[in-house]
Amino acid sequence: MYYNWINIAKGLGAVAVVLYHTWSFEPLSLVRMPLFFFLSGYLFKPAPEKEYFIRKSGHLLVPYLFFLAAIFAPFAISELIEKPYHSEWKYIRGALMGGNYLPMSIACAFWFPTCLFIAQQIYNHIYNRHRKQLIPILCLSLALAYANDAWCGELYLPWGANVALYALPLIWMGHMMRTHQGALDRITLRYGWLMVAGAAAAVAAAAIFPLKIDLKHNDYGIPLLSMACSVVGILGAISLTRVIERHLPHTSTALGIVGRASMLVMYLHMAIRTLVEDAGVKATSPLCIAAQIAIPVAVLLICDRFELTRRLMIGTAKPQTAGIFHTKTI
């Protein structure tokens with residue numbers, strides 16, 4: 001069962017991505033991307049590895065390659081024409097290796113879908129074949145992520161693969177919350193306002209102490225403490241979604257739609273921002289920020305009408321906006 005609070009949480013995450021890239025408000029980093037890994041764990045359903053690989057390739061890699069061609073390639077060609085002294089190899093290497101090797105700001109969020117794909121494949125493999133050793137493997141994964149941060153922070157693997165080391169424990173936490181749904185309900189419903197307050201405290205602490213997390217650049221903050229604050233922030237964000245879902249129906253619907261378009265927001269928002277800035281509008285203006293959210297939503301509503309565009313741009317054959325005003329509440 002897919003509940004609307006998940007879409008609301010994705011919507012909050014998408015808005016946080018846009019705001020972070022507008023003002024670089026570092027405390028948002030505690031929740032911004034970790035939330036998406038956590039939610040992917042919550043939605044995780046184990047499957048045979050070949051089947052899972054094919055399914056997730058269609059869901060994540062097909063849209064990634066589509067937008068790599070549709071967004072990154074035209075901007076790269078335009079930049080090469082304007083700055084012919086730049087090396088073509090930089091852009092070719094970026095397109096092939098992805099992740100942190102993509103050289104342009106318009107592709108700054110393109111590392112996420114490939115990293116998520118890799119992390120999901122690894123988690124599915126571990127869960128299917130080494131479930132009894134899952135906790136030690138996750139501890140080793142987190143230790144390797146911290147070692148990468150401490151001693152070779154400039155080492156970036158293609159497609160952001162090394163970030164998967166940090167993402168695996170987040171996926172596991174989300175999966176455990178789905179497995180123990182009652183615990184998640186108690187935390188986010190019974191103690192919801194306490195978790196929201198805890199999340200606000202974590203964000204405030206991140207504004208004072210070096211707790212920020214920058215997954216793309218292998219910066220995982222203070223070992224364990226930053227992750228703990230991140231988890232509190234995630235649970236606070238989910239608690240907030242439950243409040244919104246129950247008491248603010250119009251806000252719930254709006255954020256739910258943004259949540260369904262969250263991957264489109266990641267792919268498109270920096271390109272939209274660049275074009276709006278070229279038209280003379282400041283990046284920090286409400287118009288520019290609204291455009292970075294509204295245009296991907298409009299693209300979702302249009303491309304969702306045709307199976308081909310759904311497969312290419314959303315990664316699914318199933319319509320995403322059907323019944324959008326009639327989602328189940330728990």
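Helices here are DSSP runs of H or I, at least four residues in length, numbered from the N terminus. By that numbering, Asn218 sits in the loop between helix 9 (192–208) and helix 10. The model is a predicted one.

**Helix 6 and helix 7**

- Helix 6 covers residues 134–151, and helix 7 covers residues 164–179.
- Their axes come within 7 Å and cross at roughly 140°.
- Helix 6 is therefore oblique to helix 7.
- The crossing of the two is left-handed.
- On the helix 6 side, the contact is made by Leu134, Ile135, Leu138, Ser141, Leu142, Leu144, Ala145 and Tyr146.
- On the helix 7 side, Ala164, Leu165, Tyr166, Leu168, Pro169 and Trp172 take part.
- Sorted by class, the contact of helix 6 with helix 7 has 13 nonpolar residues, 1 polar residue and no charged ones.

**Helix 1 and helix 13**

- Helix 1 spans residues 4–23, and helix 13 spans residues 286–303.
- The pair packs at an angle of about 145°, with axes 10 Å apart.
- Helix 1 makes a right-handed crossing with helix 13.
- Helix 1 brings Val15, Val18, Leu19, Thr22 and Trp23 to the contact.
- These residues meet Ile289, Gln292 and Ile293 of helix 13.
- The contact of helix 1 with helix 13 counts 6 nonpolar and 2 polar residues, and no charged ones.

**Helix 8 and helix 10**

- Helix 8 is made of residues 181–190, while helix 10 is made of residues 225–247.
- The two pack at an angle of about 70°, and their axes are 8 Å apart.
- Helix 8 and helix 10 are therefore roughly perpendicular to each other.
- Leu184, Asp185, Ile187, Thr188 and Leu189 of helix 8 form one side of the contact.
- Leu235, Ile238, Ser239, Arg242 and Arg246 of helix 10 form the other.
- By class, the contact of helix 8 with helix 10 divides into 5 nonpolar, 2 polar and 3 charged residues.

**Positive phi in loops**

- Trp159 has a positive phi of about 65°, although it is not a glycine.
- Trp159 is found in the loop between helix 6 and helix 7.
- Trp159 is partly exposed, with a relative accessible area of 25%.
- Asn218, also not a glycine, has a positive phi near 60°.
- Asn218 counts as buried, because its relative accessibility is 1%.

**Cysteines**

- The count of disulfides comes to 0.
- For Cys139, the closest cysteine sulfur belongs to Cys229 and lies 19 Å from its own, too far for a bond.
- Cys139 counts as partly exposed, at 49% relative accessibility.
- For Cys152, the closest cysteine sulfur is in Cys115, at 16 Å, which is also too far for a bond.
- A disulfide would need the two sulfur atoms within 2.5 Å.
- Cys152 is partly exposed, and its relative accessible area is 32%.

**Thr241, in helix 10**

- Thr241 belongs to helix 10.
- Thr241 counts as buried, because its relative accessibility is 0%.
- Leaving aside neighbours within four places in sequence, Thr241 is in contact with Trp5, Ile8, Ala9 and Leu12.

**Leu19, in helix 1**

- Leu19 is placed in helix 1.
- Leu19 is partly exposed, with a relative accessible area of 26%.
- Leu19 touches Ser24, Leu28 and Ile289, not counting residues up to four places away in sequence.
- Leu19 and Thr284 are 265 residues apart in sequence, yet their C-alpha atoms are 8.9 Å apart in space.

**Ala183, in helix 8**

- Ala183 has its place in helix 8.
- Ala183 counts as partly exposed, at 22% relative accessibility.
- Ala183 and Ile257 are 74 residues apart in sequence.
- From C-alpha to C-alpha, Ala183 and Ile257 are 27 Å apart in space.

Definitions and conventions:
Residues numbered from 1 in each chain as written. Predicted model: local features only at pLDDT ≥ 70, side-chain atom pairs only at ≥ 80, totals over all residues. Heavy atoms only, no water. Axes fitted to C-alpha atoms, helices over the stretch in contact; angles between N-to-C directions. Parallel < 35°, antiparallel > 145°, perpendicular 65-115°, else oblique. Left-handed = near helix turned anticlockwise from the far one by under 90°. Contact = heavy atoms within 4.5 Å. Nonpolar A, V, L, I, M, F, W, Y, C, P; charged D, E, K, R; others polar. Buried < 20%, exposed > 50% of the residue type's maximum accessible area, 1.4 Å probe, protein only.
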